[in-house]
Amino acid sequence: KVRAMIYKLSSISLCPNTVGQVATGVMVNPPKEGDESYPLFHKESSEVLASLKRRALIVSNALDALPGISCPPSDGALYSFPKIHLPQKFIDEADSLNLPADELYCLRLLENTGLQVVPGSGFGQAEGTLHFRTTFLPPEDKVEIVFKGMGDFHCKLLEDYK
């Protein structure tokens, strides 16, 4: 009985609160053309989607321009998965620490810039490749600054591990 109650208590946190339920209801059943709120809904959602598209392009262009990084444009998600090519000296250091090289890269990025990305090794990347996952959710007026900091870090790392 105690185990059943503990399970029940832990399951409660899986259910969204009332506000979350209402928000989800609105998302899956948005205003339709002809509804009073449709013009505002259409304007706001179009602006958000256009901003996400611009940010995705800024991020992929900024990362793709860096030496040793290739980043195709992102379609239909809030993430980019750039492929990184790291110096062998850095890969050897990661091996000596018993860490995947992309994980060490992400940790060093966080330590040096405060920027958090996720190592691609956590997503089952192809053998012999390195990636990380990043998002393009920073506000549009800040996204270039964020990725400039990432670029500065990356170029310094390449220089330090020549």
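A note on the source before I go on. This is a predicted model, in which local features need pLDDT of at least 70 and side-chain atom pairs count only at pLDDT 80 or more, while totals for chains, interfaces and linings use all residues. I number residues from 1 along each chain as its sequence is written, and side-chain values use heavy atoms, with hydrogens and water left out.

I looked up E47 and K43, whose side chains meet in a salt bridge (2.9 Å, N to O). Both E47 and K43 belong to helix 3, and they lie four residues apart, about one turn of the helix. My helices (H or I, at least four residues) and strands (E, at least two) are DSSP runs, numbered from the N terminus.

**Entry: helix 3 with helix 6**

Next I checked how helix 3 (residues 38-64) packs with helix 6 (residues 143-160): the angle is about 20° and the axes are 10 Å apart. That makes helix 3 roughly parallel to helix 6. Axes are lines fitted to C-alpha atoms, for helices over the stretch in contact, and angles run from 0 to 180 degrees between N-to-C directions. Angles under 35 degrees count as roughly parallel, over 145 as roughly antiparallel, 65 to 115 as roughly perpendicular and the rest as oblique.

On the helix 3 side I found R55, I58, V59, A62 and L63 making the contact, and on the helix 6 side V143, E144, F147 and M150. Contact here means heavy atoms within 4.5 Å.

**Entry: helix 5 with helix 6**

I then turned to helix 5 (residues 101-113), which packs with helix 6 at an angle of about 120°, with the axes 10 Å apart. That makes helix 5 oblique to helix 6. Helix 5 brings Y105, R108, L109, N112 and T113 to the contact, and helix 6 brings G149, M150, F153, H154 and L157.

Last, I looked up an open sheet of three strands, with the order 2-5-4 and antiparallel pairing. Strand 2 (79-80) and strand 4 (118-119) stand at the edges with a single partner strand each, so one side of each has no neighbour in the sheet. Strand 4 pairs with strand 5 (residues 132-135) in the antiparallel sense over two bridges; strands pair if DSSP finds at least two bridges between them. I also noted that P119 has F132 in strand 5 as its bridge partner.

Terms used. Salt bridge = Lys/Arg side-chain N within 4 Å of Asp/Glu carboxyl O.
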